[in-house]
Amino acid sequence: MMGPRTPTEPDATMSPLRRSSSSHGDRSDSTETLQKNNSSNSGVILDISALKLEVDSEVPPLPPRYRFRDLLLGDQSFQNDDRVQVEFYVNENTFKERLKLFFIKNQRSSLRIRLFNFSLKLLTCALYVLRVSLDDPEQVTGVCVNCQNRTSTTAESTESTEINWDLIFWVNRRVPVWAIQVIVALISFLEAMLLTYLSYKGNIWEQMFQISFILEMINTVPFIITIFWPPLRNIFIPVFLNCWLAKCALENMINDLHRAIQRTHSAMFNQVLILICTLLCLVFTGACGIQHLERASNQNLTLFNSLYFCIVTFSTVGYGDVTPHIWPSQLLVVILICVALVVLPLQFEELAYLWMERQKSGGNYSRHRAQTEKHAVLCVSSLKIDLLMDFLNEFYAHPRLQDYYVVILCPTEMDIQVRRVLQIPLWSQRVIYLQGSALKDTDLMRAKMDDAEACFILSSRNEVDRTAADHQTILRAWAVKDFAPNCPLYVQILKPENKFHVKFADHVVCEEEFKYAMLALNCVCPATSTLVTLLVHTSRGQEGQLSPEQWQRTYGRCSGNEVYHIRLCDSKFFGEYDGKSFTYASFHAHKKYGVCLIGVKREDNKSILLNPGPRHIMAAPDTCYYINITKEENSAFIFKQEEKDNKGLPVAGLYDAPSRLPVHSIIASMGTVAIDLQNPTDPPEDSSKLTLPTENGSGSRRPSIAPVLEIADSSSILPCDLLSDQSEDETNQSDEESSSVSDFVKGYPPNSPYIGSSPTLCHLLPQKASFCCLRLDKGCRHNSFEDAKAYGFKNKLIIVSAEMAGNGLYNFIVPLRAYYRPRKELNPIVLLLDYPPDNHFLEAICCFPMVYFMAGTIDNLDNLLQCGIIYADNLVVVDKESTMSAEEDYMADAKTIVNVQTMFRLFPSLSIITELTHPSNMRFMQFRAKDCYSLALSKLEKIERDKGSNLAFMFRLPFAAGRVFSISMLDTLLYQSFVKDYMIPIARLLLGLDTTPGSGYLCAMKVTEEDLWIRTYGRLFQKLCSSSAEIPIGIYRTESHMFSSSELKDGYPQSQVSINVEDTGGDDQRDNRRESWKEKTRTHRMSTTSESEHPLLRKKSLQWARRLSRKNTKPPSRSERFSQQRLNLYRRSERQELSELVKNRMKHLGLPTVGYDEMNDHQNTLSYVLINPPPDTMLELNDIVYIIRSDPLAGPNVPEDPAQGQSSGGGRMRQEFGTETRDETHL
């Protein structure tokens, strides 16, 4: 609503006209129009037509500063001043605002004011105590109502309880004390009035009725009145109540102190301080009040006696030696007790609540401890007991980390199980739990991240959205790097496409990269996952040493091998091999000390090289990486010279001393030693079976092993024929096979699905395949194949079941298509996906040969049959992301376990490799409810867990055989990197994730009957080093084993080899079986006929079985034998039923049932991994040896010498274990 205004009154409605006129440059016309409009009393009249004309004229506008200047200054002449000085925050220039800024708003000045106020209150209390000490109750001067002076003296001491009220209202206050009290009271009054004025918000009564204001007036106004009325100078004033004002001032002062120094102390400290101040104020008030009131009685209490009485009363002791005698003091005691009963419980309740909250949040890690002690920080989004125990056990397994503290920073509340574990004395003094976020600087300050030795940031793998979990990890890593740039970061990431965001971290482990690479190598090198898991776990090799079974003792002892490093010049193991070849040093160190040298790093090169080959000459500054039970620094060297005299032959002398004999003499002596080193208990007639037939058919001499040369000789090293295409494709192949295989080329994949993938030389198609051709179950215009049978693959399939085609699946394909895999042994890969892949993923895999996908699930039998499961050699089941989150954590693997168990029953001959979320669930894989052997293994696992073993699950048969693993078991790889910074690069090289020029790769070879003449692992080491420069690192051994379903006796299975359980053919069959066992104890291996009828049993297992059988004094009854026979018939009938189901579904789909072999299974075998076994370990048939083969691209190719190949054992052993384990299936 507009009213009349004067011509000089500014009007906001003029701004449109003012802006338009100034924008068009007609300054004089706009001034006249403005004057006319201002002179009008009825408002502002705008000439719209004139405004339209001005807008239509295409005059460029003026800069904004002119428009703003015209709006501010109005009608003025602008000659020289183009700018206007604007003052901001003019409201703070008033006197009141300046005072408020000084007394309240400013942190430092407000702190000083509160400190001064606190000092004044303490001074008043001290003056009161001084006045009481100088007071003489016998002479008190007072004033009556009509202002007449009178002097009263106290009555003589009597037994009456008469109250002398004059002593209550009047005191004897000396003039100096009164003067000081008046000055202090005047200052306090002025300060109180000023603060009341500055904090006034419109309600004066609210300000006046505050308790602090009332107390201030009671203690200050009477003193001011005594200035103008001298007779009142001796009136009693309860100055001791200022202690409560001092308490409030102290609380405010602490709050201002926190603001000023920008540092927040714990609320626990504030609450404890408040509680102490409350108690002191109650005691001081009671002591002063009772002392003053008791002046009116016939018994005068001193201030100390009053203080003693209050302490005894509030502590509920109540001696009764000091008591109040008059009712006013008694009433004061009642009031104080009531106040204490109300105030103190509230304070204690608040303190208890803060204590509980502190227990949840964890408190702080002190700066003094951070500067004097070493600590590492663990950042997780949610802390589970399994994750915590894995980290603590692995972190504190190293001796140099025993003095470290671990600070856990987690945003969630501490779990009950975690709380119980952290209360154990072993961890309570070394582990500190802080509830907070890594994205808050205050929480990082609480954890003293800037002083930490390392920060571990782990992802939450149990999340359904793993990408979101990675995003949280990335933000945590960025926050820590921003807050503490010098703190080493150890980051765990889930998705490979997110890895480049944390590339700045010191060590990064991508879960899906390692997971898929290990699953892929499990298909060509069995139990690679078990091998790597055992290598990255810290163990002393004491697991299973009390077991009655030999395989468990050997397996447990070899599991203690780990990777260590040492400089060559500082090493006792390798120092003598300075100037020798790497292969020579590796063989002789293993022969002499039992350590396996696997890699080396030059001083001037940051890259680690696995088995650089014999052309690498060892130098003193080189860093050696070796596998051993413990590091060299913890080893003691005991040289027993008398052992050479006690033995029949000086074995070590043939290898240690440099020989001047010709090469053929050395070879002959080697052969002689090989004969003499055999087991003398073997019959002489069996020794001929270990020799290989020569070319002319005469087996009179066993081939010898060439020595390992100190310096590489190109003529003595067999070439690696992986780079020559003709050696693979043109020999012993039909025209169809050679034409199909010769279509492959070697090169680098053109498309990488994510940033940061290491380039690997692979077998590729000459031209990219069309996306339609990658679909296995649907034909296209290029081919009409609709199932695996129609493709006619020559090798067994590898089927991968996953929920979706993530970028990590690319790392499954690359190791299986690496250039060092022989072309004729490439297995077709079929991806069985729940959801079809996107074009981005298809673009990345379309360049690889024999890679197909199909939409389907493993719980659908038709999908399994269509993708060719009966022609598959391996089925890889990847844990699905959608099942990782469950109401009960350990139920996340339920669907995967049941589906795998179903496939295990339907296809018993299939090798199923499964990934689980929780390692403890692997005991359900291939579950047999009535298998006593599995129950014995479960008991052994509990025993090892009670002993504190980090590898309690290692004796589970699926894990030992490499059929199941959990990616959480690789968390220790990141933890070990804190002490062993080389573990992640070595693991990536072993798994083929990185390819360093000159570095070798992991592969496997199978020991056949033709190779058993080598006999021991040490001689195999020499054979591989001398012939092909390959370094063996372990053995994958498979043993025949009959599992009993009888009851346990003495905590162990009734019989490992089941002497009288599987006999379904009567007493004659049992007698024949016993005779065959006796025959097998006399020979090293079974004959061809007995091998097909009976399992291969080792000598130790037979002795143990006999020892157990002797304990069974009571023979089994006839009813027990019949029940066992019925059980076997039931098993066979169940298998027949399952096989009929599969065959019917195959007929319905139009698939032939010829390839389905329902009776061939692996239920009677057990497999395990031996890492770096001793040199005298005997080789057995079908052993698979893990070897690190040197890089074929490292040096020039050397032509192979046929004569030398024959002299070294009649040809190379069968290597690259892949398709040799099963017969080829021609579809």
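Two strands are said to pair if DSSP finds at least two bridges between them, and the strands themselves (E, at least two residues), like the helices (H or I, at least four residues), are DSSP runs numbered from the N terminus. The structure described here is a predicted model, in which local features need pLDDT of at least 70 and side-chain atom pairs count only at pLDDT 80 or more, while totals for chains, interfaces and linings use all residues. Residues are numbered from 1 along each chain as its sequence is written, and side-chain values use heavy atoms, with hydrogens and water left out.

## Strands and their partners

Strand 15 (residues 797–802) pairs with strand 16 (residues 829–833) in the parallel sense over five bridges, and A802 has L833 of strand 16 as its bridge partner. Strand 15 also pairs in the parallel sense with strand 18 (residues 872–877), again over five bridges, and here I799 has L875 as its bridge partner. A residue is called buried under 20% relative accessible area, exposed over 50%, and partly exposed in between (1.4 Å probe, protein chains only).

Another sheet is open and has four strands in the order 9-12-10-11, with antiparallel pairing. Its edge strands, each pairing on one side only, are strand 9 (562–567) and strand 11 (609–610). Strand 11 runs antiparallel to strand 10 (residues 596–601) and is joined to it by two bridges, and L609 in strand 11 is the bridge partner of V600.

## Salt bridges

Side chains of opposite charge can pair when their charged atoms come close. A salt bridge is counted when a side-chain nitrogen of Lys or Arg lies within 4 Å of a carboxyl oxygen of Asp or Glu, and by this rule the model has 22 salt bridges. The table lists some of them.

| Salt bridge | N to O distance |
|---|---|
| K121 and E216 | 2.6 Å |
| R1189 and E1030 | 2.7 Å |
| D1183 and R1037 | 2.8 Å |

In the salt bridge of K121 with E216, K121 lies in helix 6 (residues 107–134) and E216 in helix 10 (residues 211–228), so the pair ties together parts that are 95 residues apart in sequence. Both K121 and E216 are buried.

In the salt bridge of R1189 with E1030, R1189 belongs to strand 24 (residues 1184–1189) and E1030 to the loop between helix 39 (1017–1027) and strand 22 (1031–1040), so this pair ties together parts that are 159 residues apart in sequence. R1189 is buried, with a relative accessible area of 5%, and E1030 is buried at 1% relative accessibility.

In the salt bridge of D1183 with R1037, D1183 lies in the loop between strand 23 (1165–1171) and strand 24, and R1037 lies in strand 22, so the pair ties together parts that are 146 residues apart in sequence. D1183 counts as buried at 0% relative accessibility, and R1037 counts as buried at 4%. Elsewhere, salt bridges that share partners join R461, R466, K495, E511, E512 and D971 into one network.

Although K495 and E511 are 16 residues apart along the chain, their C-alpha atoms are separated by 7.0 Å. Helix 21 (residues 511–524) has 14 residues, which at 1.5 Å a residue should span 20 Å, and its end C-alpha atoms are 21 Å apart, which agrees; the expected span is taken as 1.5 Å times one less than the number of residues. Helix 21 is mostly covered, with 14 of its 14 residues buried.

## Cysteines

A disulfide is a covalent bond between the sulfur atoms of two cysteines. With a disulfide defined as a pair of cysteine sulfur atoms within 2.5 Å, the count comes to zero. The sulfur of C379 is 3.9 Å from the closest cysteine sulfur, in C455, which is too far for a bond, and C379 is buried, with a relative accessible area of 1%. The sulfur of C569 is 9.3 Å from the closest cysteine sulfur, in C624, also too far for a bond, and C569 is partly exposed at 46% relative accessibility.
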